[in-house]
Amino acid sequence: YTGSEFELDVNKVKISDEFTGEDLTEKLKPSLKISYSQEGTDKPIVKDAGEYKINASVENDMYIGQYSEKFEILPCAIKAVSGNAVSMSYIKGNFNVTMLNTLFEGLLECESLSAGADYKMSDGKMDSDQPGEHDVEFTVELKNKNYVFENGTKTQVCHTKVEIKKWTPCE
């Protein structure tokens, strides 16, 4: 996945072992029709990760024929590097942290992922319920088909830090 529309340039046409070459392609190009399709859709733009089929057909006074080939656009590999959590005050026995969003490395320039639409996060779990800075572990699951994590999966366990403020009663 590159974020750009897929483009195909036909340089050679092979009709049989005897007829192959640039000159034949130039003769056929005016009557060459190219179309793309994706399973379950008729979208004319091929851009997102997924499996596609390209169809080429030629119909003129020299040749009539069709050819189809499947191809795949693979998702881009990224890494979840950290997360942002909701600020919180001390509550005895509470090890849960509400996560706001995740920070990613490796996204294509000019692209961002939105919590909820492109990925979901589990609530974080702290290593302690006491005031101070603590490690938080949470899980991110990618829902955007154009991205996977570096290990090829859609799920990654992540870590961040959170500061628990000591609760001070009003006097």
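Start by selecting Tyr-52, which is buried, with a relative accessible area of 5%. Here buried means under 20% relative accessible area, exposed means over 50%, and partly exposed is what lies in between, using a 1.4 Å probe and protein chains only.

The structure is a predicted model, in which local features need pLDDT of at least 70 and side-chain atom pairs count only at pLDDT 80 or more, while totals for chains, interfaces and linings use all residues. Residues are numbered from 1 along each chain as its sequence is written, and side-chain values use heavy atoms, with hydrogens and water left out.

**Aromatic pairs**

A search of the whole structure finds three aromatic pairs. Rings of Phe, Tyr and Trp (its six-membered ring) pair if their centres lie within 6.5 Å; planes under 30 degrees apart count as stacked, over 60 as edge-to-face and the rest as tilted.

Select Tyr-1 and Tyr-147: the ring centres are 5.7 Å apart and the planes stand at 75°, so this pair is edge-to-face. Tyr-1 lies in the segment before strand E1 (13-14) and Tyr-147 in strand E13, so the pair ties together parts that are 146 residues apart in sequence. Strands (E, at least two residues) and helices (H or I, at least four) are DSSP runs, numbered from the N terminus. Tyr-1 is buried at 13% relative accessibility, and Tyr-147 is buried at 0%.

Phe-71 counts as buried, at 19% relative accessibility.

**The nonpolar core**

Next, select Phe-104 and Leu-142, which touch the most other members of the 26-residue largest nonpolar core. The elements that give this core two or more residues are strand E4 (50-59), strand E5 (64-73), strand E6 (76-85), strand E9 (99-105), E12, strand E13 (147-149) and E14. E12 gives the most, with four residues. A nonpolar core is a set of buried Ala, Val, Leu, Ile, Met, Phe, Trp, Tyr and Cys residues joined through side-chain atoms within 4.5 Å.

Which residues does Leu-142 touch, not counting those up to four places away in sequence? Its contacts include Ile-78, Phe-104, Leu-113, Tyr-147 and Phe-149. Contact means heavy atoms within 4.5 Å.

**Two salt bridges**

The whole structure holds two salt bridges, each being a side-chain nitrogen of Lys or Arg within 4 Å of a carboxyl oxygen of Asp or Glu.

Select Glu-141 and Lys-120, whose side chains meet in a salt bridge (3.8 Å, N to O). Glu-141 is in strand E12 (residues 132-142) and Lys-120 in strand E10 (residues 119-121), so the bridge ties together parts that are 21 residues apart in sequence. Glu-141 is partly exposed at 33%, and Lys-120 is partly exposed at 46%.

Then select Lys-161 and Asp-135, the side chains of another salt bridge (2.5 Å, N to O). Lys-161 belongs to strand E14 (residues 155-165) and Asp-135 to strand E12, so this pair ties together parts that are 26 residues apart in sequence. Lys-161 is partly exposed, at 48%, as is Asp-135, at 37%.

**Last stop**

Finish at Cys-110, in the loop between E9 and E10. Most residues other than glycine have a negative phi. Cys-110 is not a glycine, yet has a positive phi of about 75°. Cys-110 counts as exposed, at 78% relative accessibility.
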